[in-house]
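Open your viewer and keep the selection tool ready. We will go stop by stop.

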Amino acid sequence: MHRRRTLTLRGTGALIAGLGCLIAANMLGAPILLYIGVLLLALTAFSVLVVRLPRRSGSVARQVSTDLLTVSETSRVTLRFTLRALRVPRGLWRDVLPDAVAGDSAGEYPSETGQLTYLITGVRRGVWPIGPLVLRTVDPFGLAQREQEFGETRTVTVVPEVFTLAPLTVKVGAAGGTAHTSSSRLGQGSDNLSPRRYISGDSMRRIHWRATAHRGQLMVRQEEEESSPDALVIFDRSSARWARPGDESDPAFERAVSMCASVAVHLVQEGYGVDVIDSAGTLLGTLRGHEDDRDGLLVALALVAPRGEARDITTLVGGTPPGPLVYITGEIDEEDAALLRPSGAAAPMLFATAPQPGAVQAAEQHGWRVATLGDDVTESWEDVLPDRVGIGPSENRGAADVAG
């Protein structure tokens, strides 16, 4: 708990005036100035004692109404503050907020122990501290003040905004948005699945607990391990694609993060199992229709920043091409776009915040549906869905057979 005791401007003026009156009384021989000077000094000393002598201690319990705060979302912070002290003439409180969180976190402190509340709004994604609570007391004459900090800080996670996107009216790819149905068979009653030994890097969700208990070592479900996601979202955060002037966040990069979150959540709502990776192959999230999966992805995206270099898409996709493949990148030129191959995906969609001349045409020649990622994320999504995409390779072959 930190304490700061200072004179106010009024108190500083009273102190200077008191000293001036004493000096003038001595030089001019005016008793009235002596009395005024002594009175001002005594009043200043009394004010300092009023704010200094009471021993104040307190406990702070802070609660935020939402576990994850979305950018532009408003949440309520509740403070339960117990102050143990002599009664103070006046109290003002404020909760220290970072620049990434906006809110009016100040007010008058009640005369008795009470509950303090205020609203906060997410401004910039990340993990930020809230607090400590600062109590400022002033004497009745406004000559002296005292500030004290109470309690520890509490972190709040600001996650990227998730936008509602237009639906895919026709399912694409081999799985066709049936991930929820297939994964549901891996729940209860799946004890006859063939387990194998746990390997470092395996998802904890794949652990076969009954087989683990039987054999005394970690086992995972073989079938689930070998199955592939039927939708893949790749977020190209390689340093070459983004600019970060100074310490300010790149607005284009923030739009790309929101697009990544929005697309992943949208595809899982469409019925797909979704894997989200970055351009280096690092897994950012796996969505299989569970709320915890969604929160885990948003927390990962709250901390993501431009770094590293991009790997080839074929390497990232692996041996089994997904249905929808969404690639989100920043500044890309024609040469870079020509190297992006959809690797057999049924519905490849490319979003770039700053495509250079010729980049869109080069990507489209490889089968990508391309859109510039502008300020309106939902509009950019609709730009790749003029025909609602939705036609996979098998349907193309069927159309060709009919034409033949």
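Start with helix H1 and pick Gly11, Ala14, Gly18, Cys21 and Ala25: these are buried, meaning under 20% relative accessible area with a 1.4 Å probe and protein chains only, while exposed means over 50% and partly exposed lies in between. Helices here are DSSP runs of H or I with at least four residues, strands are E runs of at least two, and both are numbered from the N terminus.

A word on the model: it is predicted, so local features need pLDDT of at least 70, side-chain atom pairs count only at pLDDT 80 or more, and totals for chains, interfaces and linings use all residues. Residues are numbered from 1 along each chain as its sequence is written, and side-chain values use heavy atoms, with hydrogens and water left out.

Now look down the axis of H1. Just after H1, select glycine 29, which has a positive phi of about 65°.

Next, the largest nonpolar core. It has 40 residues. Such a core is a set of buried Ala, Val, Leu, Ile, Met, Phe, Trp, Tyr and Cys residues joined through side-chain atoms within 4.5 Å. Select Val233, Phe235, Leu267, Val274, Ile328, Phe351 and Trp381, which touch the most other members. Elements that each supply at least two residues include strand E15 (231–235), helix H6 (251–269) and helix H11 (377–383). H6 gives the most, with 11 residues.

Zoom in on valine 274. Beyond its neighbours within four places in sequence, its contacts (heavy atoms within 4.5 Å) include Ala231, Val233, Leu267 and Leu287. A second, separate core has 20 residues, among them Val64, Leu79, Leu116 and Val156.

Move to helix H7. Select Asp293, Leu297, Leu298, Leu301 and Ala302, its buried residues. They pack against strand E9 (126–130), strand E12 (154–159), H6, E16 and E17.

Last stop: alanine 352, in strand E19. Is alanine 352 buried or exposed? At 1% relative accessibility, alanine 352 counts as buried.
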